Amino acid sequence: MSLIVEGSVHEYKGERFVGKGNAFVVHGGSEGIYSSASENVNEKSVRPANGDSYIRFEKITFRRTQEFSNFSSGLVQAIVFEVEDRESIGGSAYGGQRAVCCTADLAKLGVCSKGEIIHRPSTKNPGWPQVFGVAFYADELVATLPSKSIQISRTGMYNLYFMHCDPNLKEVVVEGNTIWKNPSGYLPGRMAPLMKFYGFMSLAFVILGLFWFSQYARFWKEVFPLQNCITLVITLGMFEMAFWYFDYAEFNETGIRPTGITVWAVTFGTIKRSVARLVILMVSMGYGVVRPTLGGLTSKVLLVGVTFFVASEVLEVVENVGAVSDLSGKAKLFLVLPVAFLDAFIIIWIFKSLSATLSKLQARRMMVKLDIYRKFTNALVVAVIVSVGWICYELYFKSKDVYNEQWQNAWVIPAFWQLLSFSLLCIICALWAPSQNSMRYAYSDDASDEFDRDDGTLTLIKPSTIPSKDVRSSPEPIPVHTSNGASNGDLEEDKTE
């Protein structure tokens, strides 16, 4: 059976000990916790007051099978330490291999008792690490830790491990739960600022929505397909931000992460990101502005969008649904790579399409649309440059923060991506907001707005294959029908478009 983690209530259901060096270990949790708001904390209190920070042990039991119950055992211990004190756990004799359990050589030096976890008092936090345990008596199947609440008087990243050094207890399992609380509620410290952030983003989307929907209602007769797509993205964004806020608020209040709300928040967010990328891609291709449809490209665009949605949904569900402990995401690398690859592919496709659209607009001298597309291109270039810079910073941040010591600043990373996408959405809304002149930016079949079709004839001076005397007798430009040659490519493009 496996460890179940729901919110800040860490529940253990038959979690088995795993050999690590000369010790047997179960990881009980890892969270950033702010110091208690109350100055007078009671270390022995089982039920701390509101505003206090604590880690509470409730009905933690260690269970062994009948087959291995005919002997008394060494201690099965719970050890809680702040990440800065990690070097106080374990030791080595004469500079040899580091061990967590006290060895015979270390016992001879008098630094520990053989068979127990090695730990030394913290030099920065008196009374830490916190270590306590329980032993099995002969024929006893269950050993229970006493209920205990550990008050947190110093802000830091705290880790909990259950450990023992007895090879005869390798079949022992852990049951029960621990409750981790910050002064403001049950949200883990790294997630607490995000609740306020999503509240702010919900308000921002409401303001953007009021502007957009009011313009949409005023000029609904002038609306063209692209603006309907933008309306969908704004609506999805409003739902996403609201669900994230309620998800965190419920989590903070109860200590149990509401799976249903989390799944809805993740799903709305993934749909929004997928649709937003498709909208930008379609705009880059000129959809609704300089071409009426995507033609043969529609199926390819939809395929990329669906693939991106599936890959992103899986990644977001794994990262958010039921996830609490502040652990490294290295195990999720194989889920991140497909999303990163698809993002890169879409970006390249967007800029290739933009280049082609800009060239054709310039060739057709559609100056109004050319101007708006240049602004859109500049915004995308800035967004990509900023994104690449932030990715480099994020990689640097994570490479330097192996033990999550910078957990108080970790919320900035997901918040930045939300702000960047919202900023780009605002720019798109400003460029293509519904107005009385909206149709100036929409696709038109007028002769002055030809894009997807070629002229039947072009006035050209073209080298002739007829004798030169005929050329001299026909000095004026000849209307040349472009039904083959170069125009064939354009006609073929029209068919696919």
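Predicted model: local features only at pLDDT ≥ 70, side-chain atom pairs only at ≥ 80, totals over all residues.
Residues are numbered from 1 along each chain as its sequence is written. Local features need pLDDT of at least 70, side-chain atom pairs count only at pLDDT 80 or more, totals for chains, interfaces and linings use all residues, and side-chain values use heavy atoms, with hydrogens and water left out.

The structure holds 26 aromatic pairs. Rings of Phe, Tyr and Trp (its six-membered ring) pair if their centres lie within 6.5 Å; planes under 30 degrees apart count as stacked, over 60 as edge-to-face and the rest as tilted. Phe-376 and Trp-432 form an edge-to-face pair, with 5.4 Å centre to centre and 75 degrees between the planes. This pair links distant parts of the chain, 56 residues apart. Phe-376 lies in helix 7 (residues 367-400), and Trp-432 in the loop between helix 8 (412-431) and strand 12 (457-460). Helices (H or I, at least four residues) and strands (E, at least two) are DSSP runs, numbered from the N terminus. Phe-376 is buried (under 20% relative accessible area; exposed is over 50%, partly exposed in between; 1.4 Å probe, protein chains only), at 1%. Trp-432 is also buried, at 1%. One aromatic cluster holds Phe-197, Tyr-198, Trp-244, Tyr-248 and Trp-411.

The charged end of Arg-64 sits over the ring of Phe-71, 4.9 Å from its centre. Such a charge has NZ of Lys or CZ of Arg within 6 Å of the ring centre and within 35 degrees of the ring normal.

Five strands form an open sheet in the order 3-4-10-6-7, with antiparallel pairing. Strands pair if DSSP finds at least two bridges between them. Strand 3 (18-20) and strand 7 (130-135) stand at the edges with a single partner strand each, so one side of each lacks a neighbour in the sheet.
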